[in-house]
Amino acid sequence: MENLSISEPPPQQGGGPGIAAPAQLPPQMFTTAAQLLDLTDKKLMVVLRDGRKLVGVLRSWDQFANIVLQSTTERLFALQPPQPSDAAPSDTAPPRGLYADILHGIFLVRGENVLLLGEMDLDRDDLPPPGYEQGEVALVKRLADEARARDRSRDKARARKLAKLGFEGDAAGEIVLL
């Protein structure tokens, strides 16, 4: 494929002398939602701004990058609590965790909520993520909620300390009122 830019005139093609072919941009020049064209009917993982991870087949999209996923599952991740029988974990050992999938079916996602989007490798799709094993949905959900609550309280405490030093964060108003 030719390396074309927007500023270069299109090459002359057929049509005889003096008749220019219509200008066309190469596929890599598409921006925003038009890039989804190549991903249509492929299995994707979508990470949302709230941290949820969705896996599904892209069926439709629009100019705002709103997407429709079919056969969608939400994949939850949580670290396993340390077992009393476990030896002291080494710093180099990968974290042991659990994951669970919740079936959602057809799922509509607003484009502004998409943080990351990528095509799944179908050969590795059924393999568990490295360092994780499949767990019971209720247990994984409870562990993930507890971890999220711990992170939220840690972030609030950190923001309070920064506010005392004169720094204001995105949610400074919320922290002052709490």
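In what order do the elements of the chain run from the N terminus on? They go β-β-β-β-β-β-α-α, which makes 2 helices and 6 strands in the chain; helices (H or I, at least four residues) and strands (E, at least two) are DSSP runs, numbered from the N terminus. This is a predicted model, so local features need pLDDT of at least 70 and side-chain atom pairs count only at pLDDT 80 or more, while totals for chains, interfaces and linings use all residues. Residues are numbered from 1 along each chain as its sequence is written, and side-chain values use heavy atoms, with hydrogens and water left out.

- The 6 strands build an open, mixed sheet in the order 5-1-2-3-4-6; two strands pair if DSSP finds at least two bridges between them.
- Strand 5 (114-119) and strand 6 (132-134) sit at the edges, each pairing on one side only.
- From one strand to the next, the twist averages 35 degrees, taken from axes that are lines fitted to C-alpha atoms, with angles running from 0 to 180 degrees between N-to-C directions.
- Tyrosine 99 has glutamine 134 in strand 6 as its bridge partner.

**Core and burial**

- Of the 178 residues in the chain, 21% are buried; buried means under 20% relative accessible area, exposed over 50%, and partly exposed in between (1.4 Å probe, protein chains only).
- The largest nonpolar core has 11 residues, among them Leu36, Leu48, Ile67, Phe107 and Val109. A core here is a set of buried Ala, Val, Leu, Ile, Met, Phe, Trp, Tyr and Cys residues joined through side-chain atoms within 4.5 Å.
- Strand 1 (43-48), strand 2 (53-61), strand 3 (67-79) and strand 4 each give two or more residues to this core, and strand 1 supplies the largest share, 3 residues.

**Salt bridges**

- The structure holds 9 salt bridges, each one a side-chain nitrogen of Lys or Arg within 4 Å of a carboxyl oxygen of Asp or Glu.
- Arginine 59 and aspartate 41 meet in one of them, at 2.7 Å from N to O. That pair links distant parts of the chain, 18 residues apart: strand 2 for arginine 59 and the segment before strand 1 for aspartate 41.
- Aspartate 101 pairs with arginine 75, with the closest N and O atoms 2.8 Å apart.
- Arginine 75 counts as buried because its relative accessibility is 13%, whereas aspartate 101 is partly exposed at 27%.
- Asp151, Arg154, Asp155 and Arg158 are linked in a salt-bridge network.

- Most residues other than glycine have a negative phi.
- Alanine 65, in the loop between strand 2 and strand 3, has a positive phi of about 65 degrees.
- Serine 71, in strand 3, also has a positive phi, near 55 degrees.
- Asparagine 66 is found in the loop between strand 2 and strand 3. The C-alpha atoms of asparagine 66 and valine 109 are separated by 5.7 Å, though the two are 43 residues apart along the chain.

**Surface patch**

- Leu162, Leu165 and Phe167 form a nonpolar surface patch with about 330 Å² of accessible area together, by the Shrake-Rupley method with a 1.4 Å probe, where only the protein chains shown count as cover for residues.
- Patch members have over 30% relative accessible area and no salt bridge; like charges are joined within 9 Å, and nonpolar side chains (Val, Leu, Ile, Met, Phe, Trp, Tyr) within 5 Å.
- Leucine 162 lies in helix 1 (residues 137-164) and counts as partly exposed because its relative accessibility is 38%.
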